[in-house]
Amino acid sequence: MALLINEIFYSIQGESIHSGLPCVFVRLTGCNLRCSYCDTCYAYDKGSEMKIAAILDRVATYNCPLIEITGGEPLVQKETPDLIYCLLEKGYEVLMETNGSFDISIVDKRCIKIIDIKCPASGESNKNDLNNLKKLNPRDQVKFVIANREDYEFAGKIIKLISPEFPVNHILFSPVSGKMEYAKLAKWILEDNLNIRLHLQLHKIIWPEIQKGV
Ligand code: SF4
């Protein structure tokens, strides 16, 4: 069983509530969306085929307990749930960042899903599968990448669809780098007394010039 892999690298987790932790990233090739602000266009079609056993061997060389499966969109490849299962069985904590346009329930429940709900400025907000909001586990996370006030208001409406049982500190509002002023987004959140987490992309603060995995 093989997957198309764009890159595997070891770095500091820059997103999610795991931000700041060392993490091995497995970036899968392919995405079904074309977001206006996409910073991983290089993963749309470039990659090399790797068997799951080879991916496990490579990941093991980093001696790191945290793995993130990302893309592109990981669920474009039908073998992704098998890869995640194999990583979980090896004892890793596994995160999967997904654009939320596919059914997340096909992935092992032990995997922490980070669902990136697309806001209007992405140009892809009509692709969200909002049924996924009913399939969240308490360890999952929901992220909104926000470019402007319209996105902010859109996100404010969507969070009302999430169960009140879901931990509010797992709901992330993340400003689009270079487009949305951090302070302005912080001000809106405080003005509206929103009980969510403002989330900055740590890797872009540490390595502002670097576009690919480090
Ligand atoms: S879903 Fe992610 S990888 Fe795909 S186009 Fe949007 S930002 Fe890029």
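The model is predicted: local features require a pLDDT of at least 70 and side-chain atom pairs a pLDDT of 80 or more, whereas totals for chains, interfaces and linings use all residues. Residues are numbered from 1 along each chain as its sequence is written.

The protein chain contains five helices and nine strands, where helices (H or I, at least four residues) and strands (E, at least two) are DSSP runs numbered from the N terminus. Along the sequence these elements follow the pattern β-β-β-α-β-α-β-β-β-α-β-α-β-α. The C-alpha trace spans about 50 × 40 × 30 Å along its principal axes. The radius of gyration of the protein chain is 17 Å, which agrees with the value near 17 Å for a compact globule of 214 residues; this radius is taken over C-alpha atoms, and the globule rule is 2.2 Å times the number of residues to the power 0.38.

The nine strands form an open sheet with mixed pairing, in the order S3-S1-S2-S4-S5-S6-S7-S8-S9; two strands pair if DSSP finds at least two bridges between them. Strands S3 (48-51) and S9 (197-198) are the edge strands, each pairing on one side only. Strands S1 (residues 2-12) and S2 (residues 22-28) pair in the antiparallel sense over seven bridges. Phe9 stands opposite Phe25 in S2. Helix H4 packs on the sheet and touches S7, S8 and S9, its direction making about 145° with that of S8. For such angles, axes are lines fitted to C-alpha atoms, for helices over the stretch in contact, and angles run from 0 to 180 degrees between N-to-C directions.

In helix H3 (residues 149-158), Asp151, Tyr152 and Ala155 are buried. Seen down the axis of H3, the buried residues fall within an arc of 100°, so they line one face of the helix; the arc is that of the directions from the helix axis to the C-beta atoms. The face turned away from the buried side carries the exposed residues Arg149 and Lys157. A residue is buried if 20 or more other C-beta atoms lie within 10 Å of its own, exposed if 12 or fewer, and partly exposed in between, with C-beta atoms placed from the backbone.

Pro65 lies in the loop between helix H1 (52-60) and strand S4 (66-70). Pro65 is partly exposed, with 14 other C-beta atoms within 10 Å.

Definitions and conventions:
Contact = placed C-beta atoms within 7 Å.
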